[in-house]
2 protein chains.
Amino acid sequence: MIKKKPAYTVAILGATGAVGKETLEILEERNFPLSGLRLFASKRSAGEVLSCQDKEWKVEELTSASSFAGVDIALISATDDISREYGRRLGSSGVVVIDDSGVFRMEPDVPLVVPEVNAGALASMPRGIVAIPNCTTTPLVMALKPLQDAVGVKRVVVTTFQSVSGTGAAAMDELMTQTKDLLAFRDAKVEAYPYQIAFNLLPHIGSFNEGGDCSEEVKIARETRKILGAPSLRLTATTVRVPVLRCHSEAVNVELERPLKANEARAALAGMPGVIVYDDPAKKLYPMPLDATGKDEVYVGRIREDESVPNGLNLWVVSDNLRKGAALNAVQIAECLIAAQ
Amino acid sequence: MIKKKPAYTVAILGATGAVGKETLEILEERNFPLSGLRLFASKRSAGEVLSCQDKEWKVEELTSASSFAGVDIALISATDDISREYGRRLGSSGVVVIDDSGVFRMEPDVPLVVPEVNAGALASMPRGIVAIPNCTTTPLVMALKPLQDAVGVKRVVVTTFQSVSGTGAAAMDELMTQTKDLLAFRDAKVEAYPYQIAFNLLPHIGSFNEGGDCSEEVKIARETRKILGAPSLRLTATTVRVPVLRCHSEAVNVELERPLKANEARAALAGMPGVIVYDDPAKKLYPMPLDATGKDEVYVGRIREDESVPNGLNLWVVSDNLRKGAALNAVQIAECLIAAQ
């Protein structure tokens with residue numbers, strides 16, 4: 001898909017958002033072969049200057065008149081509307097689009113990719129678009145894949161604890177501002193969510209369908225099946241927003257097809273690239289959002305056999321939603337596409 | 001067990017703790033027939049004056065020399081050691097002991113009671129002791145009971161989101177202090193928990209056993225079976241401390257014995273005394289800790305059929321851990337015992 005070059009021109013649509021800023025850091029950290037960088041955002045952020053790989057890059061306003069001449073790869077993490085408009089336009093004009101929205105994920109001619117799990121799906125990108133999963137799906141499939149390969153996965157019950165950065169930079173500001181206001185005995189202003197998030201929990205991510213599921217819960221089930229190539233995998237999710245700034249955590253109960261001891265599960269997970277088994281509860285070692293913030297790996301701990309069902313297993317999975325859950329996964333996909341040339 | 005009287009002398013052991021203070025409020029709100037009140041705490045709190053039912057009551061230091069002459073009912077919510085020592089001593093000397101610790105809950109000759117669920121168990125109190133469940137178990141059995149009665153409960157996967165008040169007043173202070181310090185860019189002091197709780201999650205409540213379960217997870221399973229009179233009920237739990245001040249929340253996945261539509265589940269739950277069904281997600285109505293704080297009822301929402309298993313159901317349960325989870329349940333038990341005379 002990408003012609004072999006010594007370096008590539010990358011466009012970031014949504015460059016000043018929480019994921020966009022993380023993407024810049026990751027391009028720098030990984031020394032991504034950049035020949036140029038085009039940063040796009042809304043009018044409000046246009047003109048800002050951001051640095052990456054020892055250069056300064058000016059943010060441009062994204063408009064229908066924006067030219068993408070010379071752009072090889074576009075990373076989109078903005079609104080669904082922007083993904084819909086620019087994803088199609090750029091994908092059909094020869095730019096490789098790596099999209100972070102829910103717009104394309106379930107389309108059969110768009111691969112949905114976590115490189116460690118299903119990089120092979122990148123072989124077919126007829127629309128020039130590859131989608132990255134929801135930031136909750138990615139760590140889940142990273143933890144399920146080695147179990148699926150070892151003994152098969154029959155059913156998953158997942159409960160998520162999602163940080164406010166999954167909503168974006170404004171929600172992070174809102175958690176901090178609400179917290180400050182409440183500590184000063186002032187009312188908390190509510191904008192990013194339907195209710196106060198500081199010192200509270202919202203069992204509501206996305207919109208509700210008629211059956212009472214959140215869109216986030218539906219996404220996790222559908223995307224997990226697509227990525228794992230397991231269309232009949234049984235999965236139910238409950239998604240909850242928690243007053244944490246970064247990292248999504250997940251309590252995952254798995255019913256496996258065949259027996260797997262906790263130690264065997266630890267070994268299988270430890271062999272999975274991008275996963276770190278962090279599991280020694282007697283020494284109080286278990287994954288926490290605070291420790292996983294800024295890390296690339298998906299942390300798995302609290303690995304326990306669950307005797308309430310044959311071949312049951314419990315896991316606790318924590319991952320930085322802005323890194324592996326979004327920006328890092330997108331950059332890794334770009335690296336895979338380049339390496340394939 | 002309790003002789004019929006116009007009013008009773010109640011002792012509170014642990015009167016200045018989070019549960020003790022809530023108990024005083026509840027005795028007042030419910031106009032409990034008090035002829036006297038004895039408030040006990042550690043030396044540090046002795047001499048404090050607390051008010052209840054328009055009177056002031058001085059806190060006494062609890063020592064092995066403390067006299068309980070004239071006390072009819074003792075409510076204990078302190079440490080396991082205090083429950084062990086005073087629970088036995090008072091129970092065997094004719095005082096009715098209502099104990100909030102884990103010391104007696106699983107003893108076969110001690111009833112473990114949530115009045116709406118199994119008040120009948122109060123008929124046999126050979127040791128003069130009745131135990132109240134863990135603050136996470138109580139709302140869970142309140143939600144499971146009507147489902148058990150309607151169609152039977154086969155298996156439960158529960159993930160908890162537990163507030164810091166479950167640990168006590170010092171942990172509530174620590175969450176506030178850590179939050180203030182972090183907002184002021186100071187380090188967070190860690191005392192109540194192994195790690196910072198502000199803006200973080202700890203998948204660790206109690207101590208770990210060899211299989212990697214927390215004691216809290218083990219308690220929920222054992223206590224739920226005892227209260228529901230269902231020794232073979234299959235249940236697995238993952239318990240997580242969250243940066244919330246009050247109320248415990250639980251994502252509950254239930255596999256029922258026979259089919260039950262979401263609407264039938266709503267009707268069954270709505271008919272359960274002490275439960276409020278708060279479930280209209282299209283109108284953004286679902287239980288949250290913020291709303292349930294200070295409330296007596298157990299709130300159940302997000303009631304959804306789970307198609308990943310035959311007869312599956314998802315629930316989201318929120319309850320004030322200091323009220324129904326502790327102080328209220330204890331006072332309700334005292335009221336039951338009085339009414340039975």
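Predicted model: local features only at pLDDT ≥ 70, side-chain atom pairs only at ≥ 80, totals over all residues.
Let me turn to the interface. In chain A, 56 residues are in contact with 56 residues of chain B, and because 100% of the interface residues of chain A are also interface residues in chain B, the copies meet through the same surface. The area buried between chain A and chain B is about 4800 Å², and carbon and sulfur atoms give 64% of that area. If we ask which three residues supply more than any other three, they are Phe199(A), Leu201(A) and Arg304(A), which together account for 14% of the area that chain A buries against chain B.

On the polar side, the rule finds 31 residue pairs in polar contact across the interface of chain A and chain B, both residues being at pLDDT 80 or more. As for where the side of chain A that touches chain B comes from, the elements that each supply at least two residues include strand S8 (153-162), helix H5 (169-183) and strand S12 (298-306) of chain A, while S9(A) gives the most, with seven residues. By residue class, that side of chain A divides into 30 nonpolar, 15 polar and 11 charged residues.

Eight salt bridges are found across the interface of chain A and chain B. In one of these, Arg304(B) is joined to Asp213(A), with the closest N and O atoms 2.7 Å apart.

Over all chains, the count of salt bridges comes to 48.

Finally, the aromatic rings: the structure holds 13 aromatic pairs over all chains. For Phe161(B) and Trp316(B), the ring centres are 5.2 Å apart and the planes stand at 80°, so the pair is edge-to-face. This pair links distant parts of the chain, since Phe161(B) belongs to strand S8 and Trp316(B) to strand S13 of chain B, 155 residues apart.

Conventions. Residues numbered from 1 in each chain as written. Chains lettered and ligands numbered in written order. Heavy atoms only, no water. Contact = heavy atoms within 4.5 Å. Buried area = accessible area lost by both parts, 1.4 Å probe. Salt bridge = Lys/Arg side-chain N within 4 Å of Asp/Glu carboxyl O. Polar contact = N/O pair within 3.5 Å; in protein donor to acceptor, adjacent residues only side chain to side chain. Helix = DSSP H or I, 4+ residues; strand = E, 2+ residues; numbered from the N terminus. Nonpolar A, V, L, I, M, F, W, Y, C, P; charged D, E, K, R; others polar. Phe/Tyr/Trp six-rings, centres within 6.5 Å; stacked < 30°, edge-to-face > 60°.
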